[in-house]
Structure formats: structure tokens, C-alpha cells
Amino acid sequence: MAWSVLALLFVVELLAWAAYAVLGWALSPGWLWVWALPLLVVTLWALTASPRARWRGAVLTPAVKTLVFTGAVVALVLTSHPVAGGTLAILVVVVHVAARHPDVRRQQERL
């Protein structure tokens, strides 16, 4: 079960990053922002929120995760994809609640 939840955590992260690509495509020039926005978000994530992040912190990491996921949901809603935004919001909450299970937390600590 733990590996399934960890895989879903990764899938939710990928979906959030893809939402920034959707927003980038809606901006002008789309060909530039469709790459730049996700790259910016992934870089921020890698530096602060990933398991091996350089600047992890008790406040910084949850704040960045909240900012990234909330921004992804808002990006989908603003680009006329409210169902996708709502679905992403529900998935984020459900998967993160499941990730609090002791078996999953033990597996995360081993990584």
C-alpha cells in the first residue's frame, strides 16, 4: 500500500506541474510560457519541497507545497477547466491524507 500512495503523490505532483503548462499556453506568447512556467515551478519544488531538497524546512516545505498545489488548481480554473481544477484539488487532499498513514511515512523516511 505504501508504494501505491507514494506513486500517487508523484502523479499528483506531475498533474500540478502540467496545470502550470496549461496556464502557460493561455498566456502570450504561449510557446514560451508553456515551458517557462512549469520549469520555474519544478525548480522551486526541487529546491524546497522534494525529499532531497537543499532548503527543506518545517515551515518552508509545506508553504511551497501549498502554494504550488493551490496555484495549480487556480490555474486550471482560470483557464476554463474548473472540473479538472476541482478534481485536482480533491486528489491532492485525498492523496496527502493517505500519505499520513504510518506505513507510508515509514517508507518515505527510508527514501
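Student: Where does serine 80 lie?

Tutor: Serine 80 sits in the loop between α3 and α4. Keep in mind that we're looking at a predicted model here.

Student: What makes serine 80 count as exposed?

Tutor: Its relative accessibility is 62%. Exposed means over 50%, so serine 80 counts as exposed.

Student: What is the phi of serine 80 like?

Tutor: Serine 80 has a positive phi of about 65 degrees, although it is not a glycine. Most residues other than glycine have a negative phi.

Student: And what about the peptide bond from serine 28 to proline 29?

Tutor: That one is cis, with omega near -10 degrees. Most peptide bonds are trans. As for where to look, proline 29 is in the loop between α1 and α2.

Student: Why is tryptophan 55 called partly exposed?

Tutor: Check its number, a relative accessible area of 47%. Buried means under 20%, exposed means over 50%, and partly exposed is what falls in between. So tryptophan 55 is partly exposed. You'll find this residue in the loop between α2 and α3.

Student: Which residues is tryptophan 55 in contact with, leaving aside its neighbours within four places in sequence?

Tutor: Those are Leu47, Thr48 and Leu60. Contact here means heavy atoms within 4.5 Å.

Student: How do you know whether arginine 105 is buried, partly exposed or exposed?

Tutor: Arginine 105 has 39% relative accessibility. Since buried is under 20% and exposed is over 50%, arginine 105 counts as partly exposed. Arginine 105 is found in helix α5, and once you set aside neighbours within four places in sequence, its contacts are Ala99 and Arg100.

Student: What about arginine 100, buried or exposed?

Tutor: Arginine 100 has a relative accessible area of 56%. The cut-off for exposed is over 50%, so arginine 100 is exposed. Its place is the loop between α4 and α5.

Student: Why are α1 and α5 called roughly perpendicular?

Tutor: Two packed helices are described by the angle between their axes and the distance between the axes. The axes of α1 and α5 cross at roughly 70 degrees and come within 9 Å. Angles from 65 to 115 degrees count as roughly perpendicular, so α1 and α5 get that label.

Student: Which residues meet in that pair?

Tutor: From α1 there are Ala2, Trp3, Val5, Leu6 and Leu9, and from α5 there are Asp103, Val104, Gln107 and Gln108. By class, the residues of this contact are 6 nonpolar, 2 polar and 1 charged.

Student: What lines the largest pocket?

Tutor: There are 29 lining residues, and Leu9, Glu13, Lys65, His96 and Gln108 lie nearest the centre of the pocket. Two or more lining residues come from each of α1, α3, α4 and α5. The largest share, 7 residues, belongs to α3. The pocket holds about 910 Å³ of space.

Student: How many residues of the lining are nonpolar, polar and charged?

Tutor: The lining has 16 nonpolar, 7 polar and 6 charged residues.

Definitions and conventions. Residues numbered from 1 in each chain as written. Predicted model: local features only at pLDDT ≥ 70, side-chain atom pairs only at ≥ 80, totals over all residues. Heavy atoms only, no water. 1 Å grid on protein atoms, 1.4 Å probe; cavity = no way out; pocket = protein on both sides within 12 Å on 5 of 7 lines; lining within 4 Å. Points joined across faces, edges and corners; volume = space filled by probe spheres on them. Helix = DSSP H or I, 4+ residues; strand = E, 2+ residues; numbered from the N terminus. Nonpolar A, V, L, I, M, F, W, Y, C, P; charged D, E, K, R; others polar. Axes fitted to C-alpha atoms, helices over the stretch in contact; angles between N-to-C directions. Parallel < 35°, antiparallel > 145°, perpendicular 65-115°, else oblique. Buried < 20%, exposed > 50% of the residue type's maximum accessible area, 1.4 Å probe, protein only.
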